[in-house]
Amino acid sequence: MSTKYTNDHEWARQEGELVVVGITDYAQEQLGEVVFVELPDVGRTVSAGEEAAVVESVKAAGEVKAPLAGEVVEINDALADNPEKVNEDPAGEGWFYKLRPEDPSALDALLDDDAYQALLASLA
Amino acid sequence: MNPQTEPATTPLNALHRRLGAKMVPFAGYEMPVSYPAGILAEHRHTREHAALFDVSHMGQIEVRGDETAALLESELPVDLLGLAAGRQKYALLLNDAGGVRDDLMAINRGDHFLLVVNAACKHADLEYLEQRLGDRLRFTLRDDLALVALQGPESASVLESLGASPEVLAAMKFLHVADLRLDGMNCVVSRSGYTGEDGFEISVPANTVLQLAESLLDHPAVEPAGLGARDSLRLEAGLCLYGQDLDTGTSPVEAGLTWAISPARRAGGERPGGFPGAERILAEVSNGADRRLVGLLPQGRAPMRAGTPLADNQGNPLGAITSGGFGPSIDRPLSMGYVAASHAVPGTELSGEVRGRALPVRVVDMPFVPRRYAR
């Protein structure tokens, strides 16, 4: 079950017919301590690259784009009371929402781990 | 790199880097926004113990000449003739329209005055003051001096551990200024700050500030804190930030700074007026202003940041937020902003437009967290 990445530092991971979305460790590190996450409404249809969530840290607000098109079927309600999970476990408990992808193969077009590590290396 | 866009550094730049700070450009300087502990922890540590802030980017302008206090009163709407040596006062540098060019601390050092001004304004302030008063007074931007702030309830005991006498510290109240010897160094120390906590601002020669900072950080109660914590601390304390909550387009009365117009300089006082913008400001002191800076508590968890439009419950525009973020000590978002005087009463329910949605926000008294100065 490999994780894919976007150039905007979101991750997307297949889970059965769904795709789980979150922000990367690099993204949370850049943002600083997260104090609020605004998640999309369940049932909303998003297109690839559309702003689907907002993450607010003590420093600033950042938009989180949808890595691929689909319908939002579940959101991580735990972030309402514990937004710090985005910092503590961005790839796990700090997930944002689950999509039913319009085209599951769209995931293949995202960056794989090697490509994302290369992107991070270019930013260092 | 273009040398003109290269940010300046303070004498503590290498120390910040060694401590693992995230550095950001601020007011032409490269400054620490946070250290590895993070903004929330730095904020809380300041409220509970003591934190060290590098504020060497701020301007320290020395003023010398005959009748310095009387001449400075022609620019600043405060009672400087009544300010004793070893005391400091918050003051506003005004323009002819009654707007604020800068906010500053004026310190009576006995044989001269020291003005501590905002980093982003210091060169303009110097030029302006020289133009207005340069034929009578000598102004020197003391960039050979550094400035650090030690803030938090354990600050006095930290200074005591560095050799300050307990008696002198006990006699030193909020806004008092004294020459202290700390860790063998001569320091000009004022009991003041920008966090709402007890604390001190310490001016020392730039070439000794590293030793002082290291000695302060050696104390177990002291941790370094950056601009991020400084901003959330001052916001909770209800203190204006120049350039955000205060600028050339805002008057002192609008900004809730009527207290910074000394009674002696108001209508009916000993030396009424005689400062730039006096006509407007004295009228507003008597009659109030059309808009007011107010404290605002978003009723949800979403922070309302600077620029957020404010409206009444019918959607009529009332003003905008000028500072906003998250308050670690109150564990909720908080803001300040300007609204029409009709809607400035604490308890008034307004809405703030966040990403296209009108979210509830309530006008409240400031400060958000009680100030704990040594009065």
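Which side chains meet in a salt bridge at 2.8 Å, N to O? In this predicted model, where local features need pLDDT of at least 70, side-chain atom pairs count only at pLDDT 80 or more and totals for chains, interfaces and linings use all residues, the side chains are those of B:Arg372 and B:Glu197. A salt bridge here is a side-chain nitrogen of Lys or Arg within 4 Å of a carboxyl oxygen of Asp or Glu. Residues are numbered from 1 along each chain as its sequence is written, chains are lettered from A and ligands numbered from 1 in the order in which they are written, and side-chain values use heavy atoms, with hydrogens and water left out.

Chain B is assigned domain 1 (13–56 + 144–226) and domain 2 (290–375), with bounds taken from an automatic or database domain assignment. The C-alpha centres of these two domains of chain B are 30 Å apart. To the contact (heavy atoms within 4.5 Å), domain 1 of chain B contributes 11 residues and domain 2 of chain B contributes 10. Between the two domains of chain B, about 1100 Å² is buried, with carbon and sulfur atoms giving 56%; buried area is the accessible area (1.4 Å probe) that two parts lose on being put together, summed over both. Of the area that domain 1 of chain B buries against domain 2 of chain B, B:Arg47, B:Phe174 and B:Gly196 supply 45%, more than any other three residues. The count of salt bridges between domain 1 and domain 2 of chain B is one.
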